[in-house]
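Got a minute to go over a few labels and where they come from? Here is the model, with some questions after it.

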Amino acid sequence: TYIFVIDTKKWRRVNMRGRLPNARCCHSATVISDKEIVIIGGLAQIEQNKIVTLNDIHILNTGNTFSH
């Protein structure tokens, strides 16, 4: 998992705890507080030629923890 550091304009890898969501694109992410971001749905590639629609919700605590 990576975060974008605005001050340096660079991506930085971070170690996350909890059950990490699948890699995805075309998802929605919404800030709901100064410490939480909700990630909803999207598309994921599960096989080389198979893409599935995700119907899940994850909450990222900006202190490096995911919950499902």
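**Reading the labels**

This is a predicted model. In it, aspartate 56 and arginine 24 are both buried.

Q: What makes aspartate 56 and arginine 24 a salt bridge?
A: The closest N and O atoms of the two are 2.9 Å apart. The cut-off for a side-chain nitrogen of Arg and a carboxyl oxygen of Asp is within 4 Å, so the pair counts as a salt bridge. A search of the whole structure turns up 1 salt bridge.

Q: Why does the pair of aspartate 56 and arginine 24 tie together parts that are apart in sequence?
A: Because aspartate 56 sits in strand β5 (residues 50-61), while arginine 24 is in the loop between β2 and β3 (28-33), and these parts are 32 residues apart in sequence.

Q: Why is asparagine 15 called exposed?
A: Its relative accessibility is 66%. Exposed means over 50%, so asparagine 15 gets that label.

Q: What lies between β1 and β2 in the hairpin?
A: There are 4 residues between them, and lysine 9 in the turn has a positive phi of about 55°.

Definitions and conventions: Residues are numbered from 1 along each chain as its sequence is written. This is a predicted model: local features need pLDDT of at least 70, side-chain atom pairs count only at pLDDT 80 or more; totals for chains, interfaces and linings use all residues. Side-chain values use heavy atoms; hydrogens and water are left out. Two strands pair if DSSP finds at least two bridges between them. Helices (H or I, at least four residues) and strands (E, at least two) are DSSP runs, numbered from the N terminus. Buried means under 20% relative accessible area, exposed over 50%, partly exposed in between (1.4 Å probe, protein chains only).
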